[in-house]
Amino acid sequence: MTLAALVAVLTVSAQGPQRGEMTPEQQAERLKQRVEAVDKAVTLSDEEKVKVEEIFKDSDEKMQEIFKSEDREANRTKMQELREDQEKKLTEVLGEERFKKYQESQPQRGQGQRGDRPAPRD
């Protein structure tokens, strides 16, 4: 009986998220936050919220597939294509002006909170 319980626990834990992966709850929360960020930047209609959520969900699923590969160079290319596709779809929903407004509201990748600091003096 103890052996069966141990096997069950190991099986369940082996099926959980791998290192660096998010749980379904974390994924849902991240998706919600991303849609809210767009809504905050450009005020979405209910219909637009649904479309934006679907775009992000689709991108997330494709991203997970990309990360299954160990070919870093191919992954980099695929991720760039995925970002471009996502931007195109968001632009179709939001329009050019609102999409640019959303982009401007987002911190730049790799800069974090430091992006607004003045340049160092020489």
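Reader: Are F99 and Y102 buried or exposed?
Author: F99 is buried, and Y102 is buried too. Buried means under 20% relative accessible area, exposed over 50%, and partly exposed in between, with a 1.4 Å probe and protein chains only. This is a predicted model, where local features need pLDDT of at least 70, side-chain atom pairs count only at pLDDT 80 or more, and totals for chains, interfaces and linings use all residues. Residues are numbered from 1 along each chain as its sequence is written, and side-chain values use heavy atoms, leaving out hydrogens and water.

Reader: Thanks! How many aromatic pairs are there?
Author: The count comes to one aromatic pair. F99 and Y102 form that pair, which is tilted, at 6.3 Å centre to centre with 50° between the planes. Rings of Phe, Tyr and Trp (its six-membered ring) pair if their centres lie within 6.5 Å; planes under 30 degrees apart count as stacked, over 60 as edge-to-face and the rest as tilted.

Reader: Where do F99 and Y102 lie?
Author: Both lie in helix α5, three residues apart, about one turn of the helix. Helices here are DSSP runs (H or I, at least four residues), numbered from the N terminus.

Reader: And which residues of α4 meet α5?
Author: E87, L90, T91, V93 and L94 in α4 meet E96, R98, F99, Y102 and Q103 in α5. The residues of this contact divide into five nonpolar, two polar and three charged. Contact means heavy atoms within 4.5 Å.

Reader: What is the phi of T43?
Author: T43 has a positive phi of about 55°, although it is not a glycine. For background, most residues other than glycine have a negative phi.

Reader: Last one: is N75 buried or exposed?
Author: N75 is buried, at a relative accessible area of 11%. Its place is in helix α4, and N75 touches I66 and S69, not counting residues up to four places away in sequence.

Notes. Helices (H or I, at least four residues) and strands (E, at least two) are DSSP runs, numbered from the N terminus. Ala, Val, Leu, Ile, Met, Phe, Trp, Tyr, Cys and Pro count as nonpolar, Asp, Glu, Lys and Arg as charged, and the others, Gly among them, as polar.
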